Amino acid sequence: MPHLDFTLPHWAYWLGLIIFPLIAAALAKRPKPTERRYSLVLGYFILVTGGILGLHRLYLKSLIGLVYIPVFVLILYANAQSQDARAVVSDMANAVRQAERTLEREGERVKTAEADLPALRQKLAEAEAQAEEGSFAKRRAERDVQRAEQRVEQGKTRVAEAEATLETARPAAVTARETLDFWGNVAKYAFWLLLAGVAVDALLLPRLVSKANENLPPDPELSEAEKKLKELEEAERKDDADHVSSGWTGWIDRLSLYCGEFVSYWAVIAVLVYYFEVMSRYVFGSPTNWAHEAMYLMFGMQYLVAGSYAMLTESHVRVDVFYAPLSPRRKAIVDLLTSVFFFIFAGTLLVTSWIFAFDAIAVPSGNSLVSDWARGEIGFSDVVASWNLAQWTDPNIRWGEISFNEWEVPLWPMKWVMVLGGLLLVLQGISKFAQDIRAVMGRA
């Protein structure tokens, strides 16, 4: 199987978090078709993202899409077998290498000990003839002979074990290598087969979409009861825009609404990235070093920015057993009394986020002009006077704190998004506070 050695550039990550929601929001706000139809654009999108699974065929209700699934399962099975064989190859290679080292090392020791043994025995015989029983010279000679004999015996045992290991490890390594090559070829040819099917379907897709639309049954007529139920549901449905207040607080509400909707599209990015990670890991055997970190950083930023959106739309979790039955005016009074706890939390979040963000730029590893300014080494005027394009494009310039992962993504943008989230939450709290005052005074 071919390998995917792709690492997402840092600039592409941060730019994608900005560009993708803008495109997704524009597509989401397009006029909805009055009748159900298959989309050629959506068909090609599914073809690109899930073509090797046959999802484009299944989207068009074509049973030929089921043919892709067993071939894809075969790729997964072949990769699993290849992984097992690769582990055996690695283990047997280590065993052969260690056995060869043992033969080389112990063989020399045995030869040396066998060569020294006659001289040591002669020395022992002379010591026995010249020295008294139990003398130091005799005991030392006996000990030297005993050690040499023991070294020879242990060495021969280790040599025999190493030779036995080589007899079993070398054939096992060859067999495992053949198995690895076999299943690697199976996965490779199955993958090329899927790609061929995807390429053919890419040419046929316009006709397939047209045919699927021709086979669509007409929409059934709704009964009077169903029409009334649908009208009732639409009347009770409250859009997020309905939470926007009037007056100057409406500007804050709209800001929270737009920011919340903007980061909501990041969830789609997570689906695409994790899909790529799964395919890269289990199909191509090339796990990434950036997908997981990129997504948990993204979700952290999404959580912080969406806080004001949740407060605006009242979609956060709360216990309102006693709060729900109250009248709007009494609810406003309760909200005013408990707002002090909210502002303590939101203010603390904003202040600590500011400290974290400033520290992220000022860490010693940063050598950009902004990092030098954050550490107090240069003034702000020096930053403006010395600024150039290299501060953005030179890979040797580091803007403060980076992650400890191999990806080494800069963390200062996330820290400043924390500041943005805290600021939005404080502003939304001010808007809610003003609206509660209006409700208490009867001006809502």
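How are α9 and α14 oriented to each other, roughly parallel or roughly perpendicular? The views below come from a predicted model, and the first one takes up this question.

**View 1. Helices α9 and α14 pack against each other.** Here α9 covers residues 291-313 and α14 covers residues 412-440. Their axes lie 8 Å apart, at an angle of about 5°. Because angles under 35 degrees count as roughly parallel, α9 and α14 are roughly parallel to each other. On the α9 side, look for contact residues including L297, G300, M301, L304 and V305; α14 answers with residues including M414, V417, M418, G421 and L424. Sorted by class, this contact holds eleven nonpolar, six polar and one charged residues.

**View 2. The largest nonpolar core has 24 residues.** Y13, L17, M295, M298 and M301 touch the most other members. At least two residues each come from α1 (10-28), α7 (249-264), α8 (266-282), α9 and α14. Helix α9 gives the largest share, seven residues.

**View 3. A closer look at Y13.** Leaving aside residues up to four places away in sequence, Y13 touches L8, A294, M295, L297, M298, M301, W407 and V409.

**View 4. A second core sits separately.** This core has 14 residues, among them L47, V71, M279 and F284.

**View 5. The whole chain, for context.** You will find 14 helices and zero strands. The C-alpha trace spans about 125 × 65 × 55 Å along its principal axes. The radius of gyration is 37 Å, well over the 22 Å that the globule rule gives for 444 residues, so the chain is more spread out than a compact globule. Buried residues make up 35% of the chain.

Definitions and conventions: Residues numbered from 1 in each chain as written. Predicted model: local features only at pLDDT ≥ 70, side-chain atom pairs only at ≥ 80, totals over all residues. Heavy atoms only, no water. Axes fitted to C-alpha atoms, helices over the stretch in contact; angles between N-to-C directions. Helix = DSSP H or I, 4+ residues; strand = E, 2+ residues; numbered from the N terminus. Parallel < 35°, antiparallel > 145°, perpendicular 65-115°, else oblique. Contact = heavy atoms within 4.5 Å. Nonpolar A, V, L, I, M, F, W, Y, C, P; charged D, E, K, R; others polar. Core = buried A, V, L, I, M, F, W, Y, C linked by side-chain atoms within 4.5 Å. Buried < 20%, exposed > 50% of the residue type's maximum accessible area, 1.4 Å probe, protein only. Rg over C-alpha atoms; globule rule 2.2 N^0.38 Å.
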